[in-house]
Amino acid sequence: MSKSYFDETHCAFGHPKSTFMQWMLTIDHKRIGIMYAVVMFTFFFVAVAAALTMRFELYAPGQQFIEAHVFNQAFTLHGVIMIFLFIIPGIPAVFGNIVMPLMIGAKDVSFPRLNWFTFWLYILGCIIALSSLFNFNIADGKLVFNFADTGWTFYAPYSLNTDTNVVTTLVAAFILGMASILTGLNFLVTIHRLRAPGMDFFKMPLFVWGIYATAWIQLLATPVVGITLVLALLEKYFGIGIFDPAKGGDPVLFQHLFWIYSHPAVYLMILPAFGIMSEIIPAFSRREIFGYRTIALSSASIAGIGYLVWGHHLFTSGMSDVAKTIFSFLTFFVAIPTGIKFYDWIATMYKGKIVLATPMLWALGTIITFAIGGLSGVTIAMIGSDIHLQDTYYTIAHFHYAMLGGVVFLFFAGIHYWFPLVFGKMYNETKAKAAFYILFVGFNLLWFPMFIAGYLGMPRRYFDYLPEFQIYHQISFWGAIIFVIGLVFMFYTLIQGIRKGKPSGVNPWNATTLEWHLPSSPPPLENHTKVPYVDFRPYEYHHGQPVVKFDENMKRID
Amino acid sequence: MAHDSHDSHEYIPEIAVDRNGKEHVVQGWQGDFEGAKLGFWLFMLTEVLMFGAMFMTLSYYFTLHHAEFIKASSELDRVLGGVNTVVLLISALTMGLGLLKMRSGDVKGAKLMIWATILLALIFLGVKALEWSNDYKEGIFLGLSTMQAGGGKSFGELLFFGMYFTMTGLHGFHIIIGIGLMLWLLKRINSGKVSPEHHILHFNIALYWDLVHLIWVFVFPYFYMTGAGGAIHG
């Protein structure tokens with residue numbers, strides 16, 4: 001058997017003998033991607049646990065298990081982990097690393113050592129972010145945590161006044177932001193410099209387009225939030241005054257600077273996810289993607305327009321009516337390229353030979369959940385309805401339909417799609433499909449009642465509520481239970497797949513892009529032994545069969 | 001971004017052949033001068049955005065508190081600030097000359113120029129320290145009672161000095177990082193890892209230094225010169 005990247009690796013320095021040190025020092029993009037995935041999903045479950053704690057607490061009105069201030073810390077913990085530790089590094093750090101260089105025929109990313117450094121910067125950020133969790137004491141027989149209680153948004157002036165440990169969380173968010181910038185920088189240079197000969201931008205797979213657009217957002221938006229967090233720290237400890245109304249500072253300015261990054265950040269999360277969708281739909285419809293150029297350019301325009309819409313988070317914060325109208329108008333605009341993508345995907349499936357494998361199920365499920373998430377976003381882009389729905393469960397439901405039902409569902413789709421590529425084995429498809437159905441039902445049961453509760457006036461982040469909202473919280477609770485069962489079952493199936501799965505072969509899905517034309521499975525250390533000359537489009541099918549075929553020297557033989 | 005040539009993952013030149021039998025060179029990540037240059041330019045872009053956000057904040061408050069900003073600005077020391085501007089501009093020149101010398105093969109001259117740049121950077125920091133300590137004596141420093149709300153200063157003055165210490169402080173931090181980078185560069189030149197044939201590290205550090213001085217070129221007029229007229233006419 002030929003050696004795979006699990007057997008040998010390149011290291012940032014030295015030539016360690018132990019397997020453990022070889023993983024710690026590895027500069028191989030595939031290994032780094034796997035390490036990101038392991039760390040990220042560990043934290044993902046911590047954040048899920050925090051969310052489940054809140055659901056338990058909200059099962060009935062009044063106090064159940066935890067105290068009000070612990071509840072505030074729980075939603076902060078949930079938000080900070082999910083946003084900064086999980087979904088922002090998210091798909092780029094895992095699949096951008098593992099798959100993107102394979103798709104363009106590169107041996108690695110442009111700066112493999114920087115990639116290694118970035119991973120450890122990310123780990124450092126994670127440690128700092130969660131360090132204050134362990135900074136607790138016992139007063140009057142009760143556990144008192146010092147974790148931040150500001151919510152993941154750190155709005156001034158509360159974040160400047162609270163006694164809890166905001167400083168570590170702010171520093172961590174800054175460091176994680178730097179890691180995100182460096183990842184984006186690395187990918188931008190990789191995509192510009194290391195594409196296989198002949199592969200121009202419009203011959204790249206659409207996932208690479210998604211990563212490319214994302215990398216620009218990472219690069220251009222993250223520095224702004226980075227400096228905002230630094231300013232908040234300087235404000236808190238040196239009193240520079242710029243967010244402090246007592247010194248003439250403007251707390252709303254913090255919101256502007258914060259959302260200049262944090263709104264583009266949601267496109268940073270969703271664009272690579274859309275990229276995964278654009279890979280899966282043609283592969284399992286056995287049909288060339290409809291409107292390749294429009295999908296590619298809509299990624300670019302979502303990234304561009306998404307930069308100009310941050311103000312819609314501030315409709316109730318005090319902003320001129322002219323600005324509100326402009327921001328509302330621009331926000332509607334984002335829906336256009338997104339809609340184009342949806343129609344393109346559906347048109348791709350039309351008259352295709354649809355194969356309902358697990359990745360395709362996830363993709364189809366996401367078309368439903370993200371459509372709800374996206375369209376409910378348009379309703380709150382309207383100033384009038386947003387005034388009513390701002391800071392209610394409606395917005396929370398919208399956000400989770402878009403992020404969990406969009407980004408994370410497509411992340412799961414990607415995991416099931418590239419699993420055989422990464423491990424050279426196949427999971428049990430029957431179980432994986434069952435996990436999808438459990439998660440899909442649990443998800444909708446969990447989040448849909450929140451649209452109604454929010455519309456009726458249930459505010460977000462509240463520890464307590466009026467009895468009339470109880471029914472919605474209880475349906476949500478049971479949805480959450482089903483969802484968590486589905487999650488555990490899905491990861492169990494995947495781990496069983498890693499341990500006992502049958503060998504999958506190099507191209508189990510009959511897909512066309514370059515990452516499915518590797519010499520062996522799992523791939524060897526330096527990927528393609530020979531780099532092909534790319535004079536074909538990424539998804540060429542004819543009568544349900546891939547058009548482009550290669551011999552063992554990666555020369556076309558069709 | 002620099003890498004050692006003796007590593008096991010050395011670049012093996014590769015050729016891709018198209019269907020007409022034409023050969024195309026495959027670009028590897030190793031020794032990619034253009035790629036390393038592009039990467040560092042992109043990194044510089046993030047610096048611009050970081051300082052850009054602060055300039056935006058500054059100009060926002062400038063429009064709100066116009067007169068108070070000018071009054072506060074007139075209290076800064078234009079002589080020391082001006083000296084520092086000249087020092088930094090000369091250091092940009094020495095840095096650039098060093099790079100030219102490195103390219104033309106004069107490694108010794110290049111090292112001399114880097115040392116000169118380090119010296120000028122240290123002078124800059126010295127003058128800055130003098131300036132800040134003078135400010136401190138006059139009761140202008142973060143954390144002093146005169147800089148608190150109700151401490152006798154208007155909103156505009158408090159915001160101006162808050163931003164002044166933030167931005168010159170962060171700029172000074174970049175100078176310190178720059179000195180560290182230059183010392184590292186000298187070490188790599190001495191060990192032969194940076195040479196006229198392989199000078200991307202030198203190129204990128206010179207680029208960094210250019211940006212650091214460029215930021216100062218905007219910081220100086222915004223903080224020191226807006227109140228210059230006020231100082232002359234009392």
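A residue is called buried if 20 or more other C-beta atoms lie within 10 Å of its own, exposed if 12 or fewer, and partly exposed in between, with C-beta atoms placed from the backbone. The model is predicted: local features need pLDDT of at least 70, side-chain atom pairs count only at pLDDT 80 or more, and totals for chains, interfaces and linings use all residues. Residues are numbered from 1 along each chain as its sequence is written, and chains are lettered from A and ligands numbered from 1 in the order in which they are written.

**View 1. Surroundings of Leu525(A).** Leu525(A) counts as partly exposed because it has 18 C-beta neighbours inside 10 Å. The loop that holds Leu525(A) runs between β4 (502-503) and β5 (541-542) of chain A; helices (H or I, at least four residues) and strands (E, at least two) are DSSP runs, numbered from the N terminus. Beyond its neighbours within four places in sequence, Leu525(A) contacts Tyr5(A), Glu8(A), Thr9(A) and Asp28(A), a contact being C-beta atoms, placed from the backbone, within 7 Å. His29(A) is 496 residues from Leu525(A) in sequence, yet their C-alpha atoms are 9.5 Å apart.

**View 2. The largest nonpolar core and Ile280(A).** A nonpolar core is a set of buried Ala, Val, Leu, Ile, Met, Phe, Trp, Tyr and Cys residues joined through C-beta atoms within 7 Å. The largest has 238 residues, and Ile104(A), Val208(A), Met269(A), Ala273(A) and Ile280(A) touch the most other members. Outside the four places on either side in sequence, the contacts of Ile280(A) are Pro359(A), Met360(A), Ala363(A), Ala413(A) and Tyr417(A).

**View 3. The side of chain B that touches chain A.** The contact involves 45 residues of chain A and 40 of chain B. In chain B, two or more residues each come from β1 (14-17), β2 (23-26), α1 (33-64) and α5 (155-190). The largest share, 14 residues, is that of α1(B).

**View 4. Crossing of α8(A) and α1(B).** The axes of α8 (residues 166-193) of chain A and α1(B) come within 9 Å and cross at roughly 145°; axes are lines fitted to C-alpha atoms, for helices over the stretch in contact, and angles run from 0 to 180 degrees between N-to-C directions. Residues of α8(A) that meet α1(B) include Ile181(A), Leu185(A) and Leu188(A). Among their counterparts in α1(B) are Leu38(B), Leu42(B) and Phe43(B).

**View 5. Helix α5(B) and its end.**

Key
Contact = placed C-beta atoms within 7 Å.
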